[in-house]
Amino acid sequence: MSGSRRVTVICCVLLATSLIASVLLLRRVDQVRTGATLEEVLYISSPRALKALSLGYSGLLADIYWTRAVQYYGNKHHEGARRFDLLAPLLEITTALDPQLLVAYEYGANFLAPKPPNGAGMPERAIALAEFGIRNNPDAWQLYYNAGFIQYMELRDYAAAADVFARGARVPNAHPFLILLAGKMAEHAGDRQMARMMWSTSYQTTKDIDVRANAAAHLRALQVDEDVTNLEALTARYQQQNGRFPASFSELEAAGMLRAVPRDPLGQTYTLMPDGSVNLRTPNDFPFIEKGMPADYVPPPSPKILPSD
Amino acid sequence: MTSRIAHIASNTFREAVRDRVLYNLIFFALLMSAAAVVVGQISIDIERLVVINLGLTAVSLFGMVIAIFIGIGLVSKEIEKRTLYTVLSRPVRRWEFIVGKFFGLAGTLAVNTFLMAIGVFVALLYVSHHFQTQDGWVLVALYFIILQFLIITALTLFFSSFSSPLLSAVFAFSLFVIGSFAEDLRGFAGMTHGATRWLATGAAYLVPNFSALNIITSVAHAQPVAGRLVLYNSAYALVYATMAISGAVLVFERRNLK
């Protein structure tokens with residue numbers, strides 16, 4: 001082998017090995033530095049200072065902060081964390097850098113407002129974020145929806161929710177649901193019906209996959225709550241008529257009270273207990289449920305949010 | 001072989017030290033450290049923070065500028081002045097020339113960093129009147145800065161092996177900027193799906209990771225640096241520089257110098 005050829009072969013081998021080694025080492029570095037970027041982010045916590053430092057490239061910086069906010073919440077949620085202290089400042093910085101980034105406000109409404117472990121438990125800051133968005137994007141009906149959503153879901157302030165939905169309904173090209181929601185809020189509609197309406201609107205109008213999956217999980221939970229309520233009402237009626245609870249759903253079918261064995265939103269059959277209560281077979285697949293849990297059920301620290309589709 | 005590389009390296013070092021631009025940049029770096037003292041005096045309670053942040057940032061940026069602007073001329077200047085033919089007509093291999101140039105510039109940068117670091121520590125002593133244990137982390141940050149210089153020097157050499165000085169500078173500077181956001185880039189890649197995810201992840205791993213080598217802010221806040229990070233970063237800088245140098249040798253071996 002000539003000298004030049006030998007050098008070429010050695011260099012090619014070195015190039016390939018170094019490339020593989022660099023990737024492996026980077027993965028190690030990432031493991032050591034988990035969350036380091038985010039911790040460093042907030043050494044400069046003033047959105048105004050960051051905007052000045054971005055030298056006019058605030059859009060790009062906003063995208064970077066937006067990615068960091070999503071990653072921060074995703075990682076923390078996956079770990080089953082109960083505190084999401086950096087989520088609010090990250091979203092505030094993101095929206096200060098790019099006030100037109102509507103998805104950040106939507107994310108705030110969905111994950112900043114709810115109580116842990118489903119969110120940061122900061123509804124007031126989520127409202128402030130949504131109102132900041134409305135001031136900067138007065139024609140974006142989604143922001144009024146987000147603000148009303150938090151007012152209703154987290155703060156149970158019907159008057160404030162009705163007001164913000166009504167304001168949103170006046171925006172050109174607003175979703176027709178807003179006027180309906182404003183009316184329902186004013187008359188304090190049944191909670192489950194209202195919640196279903198809200199989550200359905202979120203599910204249909206969002207473009208963010210996390211927000212959509214969250215809305216789908218809530219809709220499934222509402223369906224389970226309703227199913228279990230209805231089924232337990234049937235078992236109670238059966239007990240009144242026959243002096244005992246039904247042993248299976250087939251007995252309810254035979255009695256003409258059910259058309260078929262009922263299934264949960266993921267297709268599993270419900271379990272009928274000897275005391276007439278109805279349970280889910282896989283309650284871990286249904287975060288946010290209020291009914292259908294076995295008596296000794298302990299929910300996982302990190303809620304399992306299934307993909308929406 | 002080793003003596004030939006050492007000879008080229010020492011010549012490169014001498015040539016770089018003779019360069020007036022180099023002296024100017026050192027002067028500016030020291031000036032920045034002096035400015036840090038002034039800013040430190042008007043910043044209540046955060047004098048040390050400001051001195052470390054400003055001092056290390058100056059060391060890093062000035063070093064980067066030196067690495068890029070000296071690095072781009074390492075090959076092209078030798079061709080332009082026709083000194084390369086004199087060198088290669090002796091029993092010196094092309095790869096030895098590239099490796100020698102790399103070590104020469106890396107040595108220059110290490111000496112520069114050492115001088116600028118003295119400036120930073122003098123400024124630090126000036127504002128706090130004594131050194132603290134946590135000031136040791138500043139040395140780790142300086143070590144990481146030198147690792148950054150090794151990577152950028154190798155990359156600049158790689159670009160200058162096939163491109164014009166101007167384009168080499170543009171490429172190297174762009175990679176420095178992109179590499180400073182490498183972790184965010186991997187974050188972006190993680191949010192994509194399908195083939196885009198593979199492509200984006202590949203690109204994110206290919207660019208040099210300068211963000212993990214920049215710990216200026218955390219050492220300014222006296223946060224300790226994990227020993228494993230020092231180990232992995234050292235190994236990473238070594239393999240990345242090897243990769244870039246191998247690329248430079250491969251290109252230079254095939255380059256028609258007639």
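Two residues are in contact if their C-beta atoms, placed from the backbone, lie within 7 Å. By that criterion, 83% of the chain B contacts with a separation of 6 or more join residues 24 or more positions apart.

This is a predicted model, in which local features need pLDDT of at least 70, side-chain atom pairs count only at pLDDT 80 or more, and totals for chains, interfaces and linings use all residues. Residues are numbered from 1 along each chain as its sequence is written, while chains are lettered from A and ligands numbered from 1 in the order in which they are written.

**Confidence**

The model scores ipTM 0.78 and pTM 0.66. Chain B has a mean pLDDT of 83; pLDDT is the predictor's confidence in each residue, from 0 to 100. In chain B, 91% of the residues score at least 70. Confidence in chain B is lowest in helix 2 (residues 20–42), at a mean of 66. It is highest in helix 7 (residues 136–160), at 93. Where pLDDT is low, the predicted coordinates should not be read in detail.

**Chain B fold**

Chain B has twelve helices and zero strands. Helices (H or I, at least four residues) and strands (E, at least two) are DSSP runs, numbered from the N terminus. Of the 258 residues in chain B, 47% are buried. A residue is buried if 20 or more other C-beta atoms lie within 10 Å of its own, exposed if 12 or fewer, and partly exposed in between; C-beta atoms are placed from the backbone.

The expected span is 1.5 Å times one less than the number of residues.

| Helix of chain B | Length | Span, first to last C-alpha | Expected span |
|---|---|---|---|
| Helix 3 | 25 residues | 35 Å | 36 Å |
| Helix 7 | 25 residues | 36 Å | 36 Å |

In helix 7 of chain B, 20 of the 25 residues are buried, so the helix is largely enclosed by the rest of the structure. Helix 3 of chain B has 19 of its 25 residues buried, so it too is largely enclosed.

**Interface**

The contact takes 25 residues from chain A and 29 residues from chain B. On the chain A side, helix 1 (3–32), helix 2 (36–41) and helix 4 (58–79) each give two or more residues. Helix 1 of chain A gives the most, with 16 residues. By class, the chain A side has 14 nonpolar, seven polar and four charged residues. Here Ala, Val, Leu, Ile, Met, Phe, Trp, Tyr, Cys and Pro count as nonpolar, Asp, Glu, Lys and Arg as charged, and the others, Gly among them, as polar.

**A residue in chain A**

A:Gln71 is found in helix 4 of chain A. A:Gln71 counts as buried because it has 21 C-beta neighbours inside 10 Å. A:Gln71 and A:Leu87 are 16 residues apart in sequence and 9.9 Å apart in space, C-alpha to C-alpha.
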